[in-house]
Amino acid sequence: MLSINLIRSLKLYKNKIWSLDFSQGILATGSTDRKIKLVSVKDDDFTLIDVLDETAHKKAIRSVAWRPHTSLLAAGSFDSTVSIWAREESDGRTFEMDLLAIIEGHENEVKGVAWSSDGYYLATCSRDKSVWIWETDENGEEYECISVLQEHSQDVKHVTWHPSEALLASSSYDDTVRIWKDYDDDWECVAVLNGHEGTVWSSDFDKTEGMLRLCSGSDDSTVRVWKYMGDDEDGQQEWVCEAILPDVHKRQVYSVTWGFNGLIASVGADGVLAIYEEMGGEWKVLAKHTLCHGVYEINVVKWLQLNGKTILATGGDDGIVNFWSLESFGKDRSKNAD
Amino acid sequence: MSEFLNENPDILEENQLPTRKEDSTKDLLLGGFSNEATLERRSLLLKIDHSLKSQVLQDIEVLDKLLSIRIPPELTSDEDSLPAESEDESVAGGGKEEEEPDLIDAQEIYDLIAHISDPEHPLSLGQLSVVNLEDIDVHDSGNQNEMAEVVIKITPTITHCSLATLIGLGIRVRLERSLPPRFRITILLKKGTHDSENQVNKQLNDKERVAAACENEQLLGVVSKMLVTCK
C-alpha cells in the first residue's frame, strides 16, 4: 500500500463544490452558490485569479469543463442552462473571463457537461432524461444541437467522452451507463451497461491506447470496470463487466477518474479517496485515505498533470479543493508515474 | 384498493409523544423543584431504582428529609464543599463533564422532527405517528471528527400517500439544518407502507435531487411551512 499525501488545501466556498476541472494551469470549480472560481496553479503557487459573474446562473453550478487546449469553459447549472465563458483578450498579465454564450434547451437541471477530445462537440445531460450533443465552431460562439438522445428512462447524471474517439458515455439514475456513437452525424446508443444496483453517478474511459474500457461509480457503493468485446451484426457493441473493484466505499461513490498512469481513483459520501491498480489482470487497492474532507462528503475527483507530476484533486461539501500526491517510502511516486 | 395503514390514526396529544425519560420523571417527582444538588441526588436514586413504583420514591417527603441529611452543611467554605460535590458526581455515574459534549441519540432526532407539520393535516408528524421513536436509529460516537449516521423509517398515513416524498424532504431539510455536519442522513419508508417504496426511497436519498429541490422556491415554501411548528 502506498500513502496518499495532502499537498495543498484550498478553501474556496462556504457551500458544496460540485465539480472541478483543470487545464493549462488553471483550476475551475463550480458550487451551490452559483460562483465559478478560477485558481491559477503554478509550481507551489495557488492563486485565485477570477470569480465569474454569478448572475449568469440562477441556481447551483453542477458541472464545469474546459474545452481541450483552449481557454473556453462550459458550465451546466440547475437553472437548466449551460454557460460558455471565454478568456478576455488582454495584455496577458491579467486573467478575466467573460460570458460568451448561454445555451438553452434542457427542460430542467443540467447535471453534466463534457467536451469531446477534439473540442468540436459539447455533450450536456439533465434531469429531463436526455443527453444533447452540440456542435460548435472554432471560437465556440455558436452552438447547434445535432442530436437529442432520449433512451435513458431517468435523470442523466453525468457524461464523458472517450479520450480520442467520438464515443460518449452517459451515467443515469436508471442504474445504467449508455454508450453512444456517431453514425454519419446521427448519434445512436450502441450499448447499455447493466449491473449497478443504484444510480450511476459518473464514469471515465481507460486512457490506454487500443484499450476500450470504462470505469463507473454508483450509489450501490461499488466501482466497476467494463470492457468492450466487439460489435454484433446489428452494429451494437458488446460490453461486459470485467471487474468489480475491491470493496472500499461504505456509501455512495460520486466520482471516478481513470488516469493516464492507468490508475483508477474513486471518492464518495464516506469521505474516502481510494486508488486502484491493475496487477496481472486483477484490481488491487493501491492506496486509501479516509476523512479526506473531514466529515464531509466528496463530490468529485480528477487526475491532473501539474509540473510534470500526476496528482489528484478532490472537491467536497466543505467547499474545499484538496490536492493529493501518491507516495511510497518517502519517495514521490507521482514523478515517474507516467 | 389500497390497504389503509393508519388513515384515521389514533391522534396523539402533544404530551403523549415520547420524551426523554429523565425529564418526565423529574417533572413527575419533583414538581417545581429546581435545586440542582437535589435534582442530582434524585436522578441518582432514580438510577438505583428506576421504576416509579419504587417504595422510596413514592414518599417524597420522607425522601426529601433523607436527602437533606446528606446535604453538606451550608456554612462550609467553598473549598470544603467542592470535593463532596465531585464525589457526588462520580457516584452518579460520570457527571455531565465526562459525557461526550455532543452525543446525539434517537430521542434528540425525534424531538427535531416530531413537531414538523403534516402537509395536509393540521397535525404534527409525531401526532400522526408518521415518525416514531423506535424507527430512528442513530450511530454516533459523539466525536465531531468522525462520521455519524441516522436512519429514519417513516410510516406514511396511507399506502398511496402522494405526499410521502414531501414529508421525507421536510425531515431531511430539518435534520440537515439542525445536525452537525458529521451526520449522514438516510430516510426510508417503513417496509410495506407505500406502493412505490423503492422509488420514493431512491429520490429521498439522492443528494443531487434534494439539493435541486432546495433551490425550488415553491417547494421550499411548502417545506418551510411544515417546519414552522418545530420547536
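This is a predicted model: local features need pLDDT of at least 70, side-chain atom pairs count only at pLDDT 80 or more; totals for chains, interfaces and linings use all residues.
Figure 1. Along the principal axes, the C-alpha trace of chain A spans about 55 × 50 × 35 Å. Of the 338 residues in this chain, 53% count as buried. Among contacts in chain A with a separation of 6 or more, 50% come from residues 24 or more positions apart. The secondary structure of chain A comprises 30 strands and 0 helices.

**Figure 2. The two domains of chain A.** Domain 1 is assigned to residues 1–12 + 271–338, and domain 2 to residues 13–270. Taken over C-alpha atoms, the centres of domain 1 and domain 2 of chain A are separated by 20 Å. Their contact takes 37 residues from domain 1 of chain A and 39 residues from domain 2 of chain A.

**Figure 3. The side of domain 1 of chain A that touches domain 2 of chain A.** Elements giving two or more residues to this side are β1 (3–11), β24 (273–279), β25 (282–289), β27 (298–306) and β28 (309–316) of chain A. Strand β27(A) gives the most, with 8 residues. By residue class, this side of domain 1 divides into 20 nonpolar, 8 polar and 9 charged residues.

**Figure 4. An open sheet of 4 strands in chain A.** The strand order is β10-β11-β12-β13 (chain A), and the pairing is antiparallel. At the edges lie β10 (110–115) and β13 (143–149) of chain A, each of which pairs on one side only. On average, neighbouring strands of this sheet are turned by 20 degrees against each other, direction ignored.

**Figure 5. Pairing of β12 and β13 in chain A.** Strand β12(A), residues 131–136, pairs with β13(A) in the antiparallel sense over 6 bridges. E135(A) has E144(A), in β13(A), as its bridge partner. Strand β13(A), residues 143–149, is an edge strand of the sheet.

**Figure 6. Contact between chain A and chain B.** On the chain A side, 12 residues are in contact with 11 residues of chain B. The residues of chain A that touch chain B divide into 5 nonpolar, 3 polar and 4 charged.

Technical notes:
Residues are numbered from 1 along each chain as its sequence is written. Chains are lettered from A and ligands numbered from 1 in the order in which they are written. Two strands pair if DSSP finds at least two bridges between them. Axes are lines fitted to C-alpha atoms, for helices over the stretch in contact, and angles run from 0 to 180 degrees between N-to-C directions. Two residues are in contact if their C-beta atoms, placed from the backbone, lie within 7 Å. Ala, Val, Leu, Ile, Met, Phe, Trp, Tyr, Cys and Pro count as nonpolar, Asp, Glu, Lys and Arg as charged, and the others, Gly among them, as polar. Domain bounds come from an automatic or database domain assignment. A residue is buried if 20 or more other C-beta atoms lie within 10 Å of its own, exposed if 12 or fewer, and partly exposed in between; C-beta atoms are placed from the backbone.
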